[in-house]
Each structure stands twice: as C-alpha cells, then as structure tokens.
Amino acid sequence: MHHDHVDRLLTQWQQQRPDLDCSPMAVIGRISRMSRLIDKKINKTFKNYDLSAIEFDILATLRRCNTPLTPTELYQTLMLSSGAMSTRIEQLAKRGLIERIASPEDRRSCSVALTEKGRALIDQAVEAHVVNEKAILDPLTQEQRQQLAALLRAWLLSNES
C-alpha cells in the first residue's frame with residue numbers, strides 16, 4: 001500500500017498520542033489537501049480565459065440560468081457580499097462581457113445579462129473547465145467517482161443549511 005502525506009501525519013500522532021483517535025484526520029485532512037490542489041488546477045484554467053474564480057462563477061450562473069438576473073439574485077447564488085458583487089459586475093461590464101438592463105418598473109433597479117462576447121467566452125471557458133475537471137478525476141474509475149459523489153452529497157445534505 002502506498003502512503004500519502006496524511007498517512008505520515010497519522011502515524012506520527014499515533015506514536016505521540018496513542019490515546020487520541022485521530023481517524024477523522026484521514027478524511028478531513030485529505031479533503032483539505034484535495035481542495036487546495038483542485039483550486040490551483042481550476043484557477044489555472046480560469047486564468048487562461050483571463051477570469052477569476054468569482055468572475056467565472058458569475059458568467060457561468062448567467063449562462064446556466066439563461067435569463068437576466070439582478071445583482072441580488074447573483075450574490076445570493078454565489079454567496080458573495082453585495083459590495084464584492086457590485087465590484088465584479090462593474091469589472092465584467094467594463095470588459096464588455098455583461099450588460100446592465102434597467103428595470104422598467106424601478107429605475108433604481110437593474111438586471112445583468114451576458115453580452116454576445118460574454119456568452120462566447122463563458123462557453124469556451126466552461127468547456128475547458130469540464131475537460132480539466134475530468135483530468136483531475138482521472139485517477140478514479142467511473143464507479144469510484146459515483147461513490148465519492150454520493151458520499152459527499154450525503155455529508156453536504158446534513159451539514160449545509
């Protein structure tokens with residue numbers, strides 16, 4: 001059996017604190033390390049399209065929903081503060097990737113929609129993102145991926161509010 005970084009930590013804890021059950025570290029430590037590795041690989045793909053992770057999420061959300069959204073709807077979907085959302089919307093609008101659409105009912109309110117340029121960019125970026133994610137999961141069989149997805153879903157359903 002091959003040993004990873006987490007196995008070495010667990011062995012050290014077992015030697016130093018045999019009274020302590022450190023088995024949760026086998027899961028949490030690995031998920032934490034995976035998250036950092038995955039983020040690095042995913043952000044590299046986004047960078048190829050001159051997008052941050054948040055900008056990708058905004059454009060992808062608009063593309064998925066396929067309808068203009070208010071900044072409030074966007075920031076609630078993405079769990080961002082309204083201030084951070086306003087800044088990102090401003091930057092994406094300046095780059096011609098999204099446009100603001102004034103509300104006919106309320107002049108103070110607006111929706112945000114993808115421009116043709118924004119739609120073309122997010123379509124390319126999302127295709128590259130999916131290819132990248134498949135490569136990231138390459139070490140796992142299809143069955144292992146389904147098992148892992150089911151386990152992660154079960155954990156998230158009982159921990160997300």
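Predicted model: local features only at pLDDT ≥ 70, side-chain atom pairs only at ≥ 80, totals over all residues.
Residues are numbered from 1 along each chain as its sequence is written, and side-chain values use heavy atoms, with hydrogens and water left out.

Q16 counts as exposed because its relative accessibility is 61%, with exposed meaning over 50%, buried under 20% and partly exposed in between (1.4 Å probe, protein chains only). From Q16 to T77 I noted 61 residues in sequence and 45 Å in space, C-alpha to C-alpha.

I then turned to charge and noted that R8, R33, R36 and K40 gather in a positive patch on the surface; patch residues have over 30% relative accessible area and no salt bridge, like charges being joined within 9 Å and nonpolar side chains within 5 Å. A salt bridge here is a side-chain nitrogen of Lys or Arg within 4 Å of a carboxyl oxygen of Asp or Glu. Helix 2 (residues 24–48) gives the largest share of the positive patch, 3 residues. K40 lies in helix 2 and is exposed, at 63% relative accessible area.

Last, I recorded a nonpolar surface patch of V27, I28, I31, L152, W155 and L156, with about 570 Å² of accessible area together. Helix 2 and helix 7 (142–159) are the elements that give two or more residues to the nonpolar patch. I placed L152 in helix 7, and at 38% relative accessibility L152 counts as partly exposed.

How values were computed: Areas by Shrake-Rupley, 256 points an atom, 1.4 Å probe, with all protein chains shown as cover. Lys, Arg positive; Asp, Glu negative; His and termini not counted. Charge placed at Lys NZ, Arg CZ, Asp CG, Glu CD. Helix = DSSP H or I, 4+ residues; strand = E, 2+ residues; numbered from the N terminus.
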